[in-house]
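I opened my notebook to look up a few places in this structure. Here is what I wrote down, entry by entry.

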Amino acid sequence: MDTFVIEGGRRLSGRVRVYGSKNAALPLTAAALLTDQPVTLRDVPDLADLRNMYRLLAELGCVRTSEPPAEQPGVLRLHTQSTSNSHARYDLVKTMRASICTLGPMLAKRGFARVSMPGGCSIGDRPVDLHLRGLAALGAEITLTAGDITAKAPQGGLRGATIFLGGASGSTVLGTANVMSAATLARGVTIIESAACEPEIVDLANMLNAMGARIRGQGSPRLIIEGVKELHGVEHTVIPDRIEAGTFILAAAITNGDLILDNCPMDALLAVVDKLAAMGVRIATVPSAPGVPPAIDPMRASVRVTCDRVLKPVEVTTQPHPGFPTDIQAQLMATLTLADGNSVITERIFPERFLHVAELSRMGAKIYRQGPTVIISGVKRLIGAPVMASDLRASACLVLAGMAAEGTTVIHRVYHLDRGYERMEDRLNSVGAVIKRVDDKDLPPDSRIAEG
Ligand code: EPZ
């Protein structure tokens, strides 16, 4: 099992490019099930979660083909060539919750879908009741058998409906993706109220419209979808990953670095930029290359990140987009452990998403938790230590803390990180970090962890 060994205390400086978005690419790939024609995606990151999705899609008859332009790096070509199997098995679904995204497209296109109910998750309670409520409103008969969700469309297919999709903590991202995708092929008009406004949903709606769908209101809480008979193939470029960009920006801040990010989706990060400005982190648009005028697309900007020597504390509450994203909460917490004063973070989306707190405390952080809220008392320094990654963003948090800490930090179970960041250590090392990826077995015995 891979482990990171990080020598801390280095400032990051240089230039990195933000890759395509994992959380956009996952529902985009599932949408290939909505058509019999090829779907070609560009700027697709090479991640464990996406490889799992390809395996699942192949079982469902949607194969990855290598015809041009799919021989190029970052280009993916998917083509649904068989509809004989519509069962997303537990073995695959348990590796990746986003498998649930295949439910809506299969149900709408094939009239039937059987998808294993996703199991537990380390970041907290993640039911799919809103997904099922939305699909049932479109006329689907939903049953739960042996841990599988079975969905059957009525005679003549799904029919449009007005659906309120809000839950206790607001909108659902993948729930909106599922119901919106299904509604594209339903008879009549569907209105989704309290839809998720995330940029990944906008990207999916834009691709579906390029496939012949009729969606309006993407990016707002009300989506209006006029059903069509069929959808055709498409070529689409995935939006840059705002969570990856936020992670790199905080990597620059926590190391008091000077970093330029290319392909940065600034327009999707305004809540983050606002909080960082209050902390003393400056983010300025710069030319995308010497002599080239700054990029005009605020979703693909080049920005320079610099910051004050000592960061100021802030108060943050995570919210659905356009609020502060929960997927940057852990990375922000790592950075605030070194701020000059007390910060407060309240986690409204996944109130239990704090497994990184104990690991940061092992590095000397002062963090006090009361339910969904933590108080972080800034310390002068973090000290390197062996720590354990528990989920994707918690592992990114520990990488940031390790780069800022004095001495050596050993992060176990970095497979969590590989789910959402492509070759993270290489890109950080290219701007001054010192991170080695080693096999746990090659560590000195006293640094290894007993698995199982
Ligand atoms: C997406 O998950 C992201 N995953 C998550 O990113 C992200 O944390 C989350 O949205 C919130 O922004 C992908 O896009 C693949 P939700 P999703 O449904 O769609 C409750 C990462 O690190 N809820 O928007 O599964 C739920 O419990 C991952 O990349 C219901 O109650 O999240 C939560 O409290 C982690 N019933 C809230 O809504 C439902 O049916 C938001 O969850 C669905 C959700």
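**Entry 1: salt bridges**

I began with aspartate 418, which forms a salt bridge with arginine 437; their closest N and O atoms are 2.8 Å apart. Aspartate 418 sits in helix H13 (residues 415-418) and arginine 437 in strand E24 (residues 434-439), so this pair ties together parts that are 19 residues apart in sequence. I noted at once that the model is predicted.

Is aspartate 418 buried or exposed? I found a relative accessibility of 19% for aspartate 418. The cut-off for buried is under 20%, so aspartate 418 counts as buried.

I then looked up lysine 441 and aspartate 439. Their side chains meet in a salt bridge, 3.1 Å from N to O. Lysine 441 has a relative accessible area of 59%, so I wrote it down as exposed. Aspartate 439 is partly exposed, with 23%. Which residues do shared partners join into one network? I listed Asp2, Asp418, Glu425 and Arg437, joined by salt bridges.

My next pair was arginine 51 and aspartate 46. The closest N and O atoms of this salt bridge are 2.6 Å apart. Arginine 51 is partly exposed, with a relative accessible area of 35%. Aspartate 46 is partly exposed too, with 46%.

Why can such pairs form? Side chains of opposite charge can pair when their charged atoms come close. How many salt bridges did the count give? It came to 28.

**Entry 2: arginine 427**

I moved on to arginine 427, which I found in helix H14 (residues 424-429). Arginine 427 has a relative accessibility of 5%, so it counts as buried. What does its side chain meet? It makes a polar contact with the side chain of glutamate 244, at 2.6 Å. I also looked up its contacts, leaving aside neighbours within four places in sequence. Val16, Arg17, Val18 and Tyr19 are among them, and so are Glu244, Phe248 and Glu422.

**Entry 3: proline 69**

Where is proline 69? I found it in the loop between strand E4 (62-65) and strand E5 (76-80). Proline 69 counts as buried, at 12% relative accessibility. Not counting residues up to four places away in sequence, proline 69 touches Thr40, Arg42, Val75 and Glu235. I also checked proline 69 against arginine 419. They are 350 residues apart in sequence, and their C-alpha atoms are 25 Å apart in space.

**Entry 4: the ligand**

Which residues come nearest? Of the 23 residues around the ligand, they are Asp129, Leu130, Thr172, Asp327 and Ile349. By class, I noted 10 nonpolar, 6 polar and 7 charged residues in the shell.

Then I looked at oxygen atoms of the ligand. One is 3.0 Å from a polar backbone atom of aspartate 125. A backbone N or O atom of proline 127 lies 3.3 Å from a ligand oxygen. A polar side-chain atom of arginine 353 also lies 3.3 Å from an oxygen atom of the ligand.

How much of the ligand does the protein cover? On its own, the ligand has 830 Å² of accessible area, and the protein covers 89% of that. Which elements give two or more residues to the shell? I wrote down helix H1 (22-30), helix H5 (129-137), helix H6 (173-183) and helix H12 (392-404).

Note on methods: Residues are numbered from 1 along each chain as its sequence is written. This is a predicted model: local features need pLDDT of at least 70, side-chain atom pairs count only at pLDDT 80 or more; totals for chains, interfaces and linings use all residues. Side-chain values use heavy atoms; hydrogens and water are left out. A residue is near a molecule or strand if one of its heavy atoms lies within 4 Å of it. A polar contact is a pair of N or O atoms within 3.5 Å; within protein, one must be able to donate a hydrogen and the other to accept it, and residues adjacent in sequence count only if both atoms are side-chain atoms. Accessible areas come from the Shrake-Rupley method with a 1.4 Å probe; for residues, only the protein chains shown count as cover. Helices (H or I, at least four residues) and strands (E, at least two) are DSSP runs, numbered from the N terminus. Ala, Val, Leu, Ile, Met, Phe, Trp, Tyr, Cys and Pro count as nonpolar, Asp, Glu, Lys and Arg as charged, and the others, Gly among them, as polar. Buried means under 20% relative accessible area, exposed over 50%, partly exposed in between (1.4 Å probe, protein chains only). Contact means heavy atoms within 4.5 Å. A salt bridge is a side-chain nitrogen of Lys or Arg within 4 Å of a carboxyl oxygen of Asp or Glu.
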